[in-house]
Amino acid sequence: MPSIAIVGAQWGDEGKGKVVDLLAEQATVVARFQGGNNAGHTIVRGGETFKFHLIPSGILSPTTTCVIGNGVVVDPAVLTAEIDGLRARGVDIDNLRLSANAHLIMPYHLMLDQVGEAKLGKLEIGTTRRGIGPCYADKAARLGIRVQDLLDEKILKKKIMAALEPKRLMLRPFERDPALDLQTITEQYLTYGHRLEQHIADTAALLHRALDDGELVIFEGAQAALLDIDHGTYPFVTSSNPVAGAACVGTGVGPRDITEVWGVAKAYATRVGAGPFPTELDDELGEEIRRRGGEFGTTTGRPRRTGWIDVIALRYAARINGMTSLAITKLDVLGGVGTLRVCTGYRTGDGAELDAFPYHQTVLHHVEPVYADLPGWEEDISDCREVDELPENALAFLRFVEQRVGVPIALIGVGPSRDQVVWLGERSPLLASAA
Ligand code: IMP
């Protein structure tokens, strides 16, 4: 059995949750490896809509163990609320396992995120304000509080005290906030500890057993390649590595344990928060795509910036992830839009045309996209389930993207519901037919 890493190939919100949900039924374990509740996955199942921020998307499959790996930053307030919400809807969460080594988002991380963005003013990153960056910063500074600390009152208090001390200056606006009182935080987090104890486990060992037994394991990425702290559009990125390689570090497995990497991309592109977005449509059509695609953040409700699909950026994402398959989602949204554009190059200020993602941010900020125009289609494709039911122009569009990115398309999303997909099998017939 292969193990599959499922990662975002653009700027997030590509519909990774749906792809994970589809594959999770056959999987023994689904493991998240980075990010926190800055992520938001929406899954529509049997007419019901589920939104997850921390719990892996596989939770709806009763036979799947869901792991929150050591690389995830966990806000226990959010996790316990998510557990309660799912229980209230009759979802069994006994299969949830939380790494003892995962770091915890603390009340001061939320405040620091807020203060940090306010200080940046016009230069703000547009974070989700969920405390993600400050939590990862404390992890690197070795001032982090880990899940296992919840089980030891003395250690917990000592560590919180040490972590709070260096932040006093920045947190001055919150000086009187009871949420910053050492005793209050300690007691609150001990309560979380009691609630989460039954889920805390050696998740790396659990994954090793599943892999050794040849079970299907899915590594569920959050955010996406272009938001990667090392490979994305820094500083307009998240504070973790959403690329497939991080699935190893973030769960405790080796590179050879991952056999496939599926990159998920929308048939167009979106971005939330600030930062370069060469194919952005700052016009009526962009607004129309936002409306049709329901492009508003699952986590913050913010309207997403919209634009055309960019195969230069996708090829880059394919390379840094070692992508073996592509999943193209929301193809239905483009029906009736008219002529479709695909970005195939970047033109720089001095007239040069780039066919690769530039390493220098300043260049990326100033490039103009070079487009190939492809004819669109008018038909509603939301009921298509087989490749040959798709309009010829939709197939030509997919073939074009697939060829330019150089990764076979394995599945296509044609609507929000989990059955609204067209599977293309192990090796894409599209690529074969285009050869
Ligand atoms: P942070 O992850 O909250 O620190 O935000 C950093 C950047 O990543 C901001 O531009 C956010 O909008 C973006 N971001 C974080 N999580 C997601 C996500 O799940 N989808 C899309 N963008 C995200």
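Where is P235 found?

## A proline in a loop

This is a predicted model. P235 is found in the loop between strand β10 and helix α8, the latter covering residues 246–249. The peptide bond that leads from Y234 to P235 is cis, and its omega is near 5°.

Another backbone feature belongs to R129. This residue lies in the loop between helix α3 (107–120) and helix α4 (132–140). Phi of R129 is near 60°, which is a positive value in a residue other than glycine.

## The sheet

In general, strands of a sheet pair through backbone hydrogen bonds, and the pairing is either parallel or antiparallel. Here, 10 strands form an open sheet with mixed pairing. Read across the sheet, the order is β9-β7-β5-β2-β10-β1-β11-β15-β19-β20. The edge strands are β9 (200–201) and β20 (421–423), each of which pairs on one side only.

Helix α1, residues 16–24, packs on this sheet. The strands that α1 touches are β1, β2 (29–32), β10 (217–220), β11, β15 (325–329), β19 (409–413) and β20. The direction of α1 makes about 165° with that of β1.

## Strand pairs within the sheet

Strand β1 (residues 3–8) and strand β11 (residues 260–266) run parallel and are joined by five bridges.

## Around the ligand

How many residues surround the ligand? There are 15, and the closest are D13, N38, T128, T238 and R302. By type, the residues of this shell divide into six nonpolar, seven polar and two charged.

Three of these side chains can be described by their distances to the ligand. A polar side-chain atom of T128 lies 2.5 Å from a ligand oxygen atom. For N38, a polar side-chain atom lies 2.9 Å from an oxygen atom of the ligand. For R302, the distance from a polar side-chain atom to an oxygen atom of the ligand is 3.0 Å. On its own, the ligand has 470 Å² of accessible area, and the protein covers 96% of it.

## The contacts of R305

Which residues does R305 touch? R305 is found in strand β13, which covers residues 305–307. Not counting residues up to four places away in sequence, R305 touches A269, T270, R271, G273, A274, G275, F277, E280 and R290.

The side chain of R305 reaches the backbone oxygen of G273 at 2.7 Å. With the side chain of E280, the side chain of R305 makes a polar contact at 2.9 Å.

How values were computed:
Residues numbered from 1 in each chain as written. Predicted model: local features only at pLDDT ≥ 70, side-chain atom pairs only at ≥ 80, totals over all residues. Heavy atoms only, no water. Pairing = 2+ DSSP bridges. Helix = DSSP H or I, 4+ residues; strand = E, 2+ residues; numbered from the N terminus. Contact = heavy atoms within 4.5 Å. Axes fitted to C-alpha atoms, helices over the stretch in contact; angles between N-to-C directions. Near = heavy atom within 4 Å. Polar contact = N/O pair within 3.5 Å; in protein donor to acceptor, adjacent residues only side chain to side chain. Areas by Shrake-Rupley, 256 points an atom, 1.4 Å probe, with all protein chains shown as cover. Nonpolar A, V, L, I, M, F, W, Y, C, P; charged D, E, K, R; others polar.
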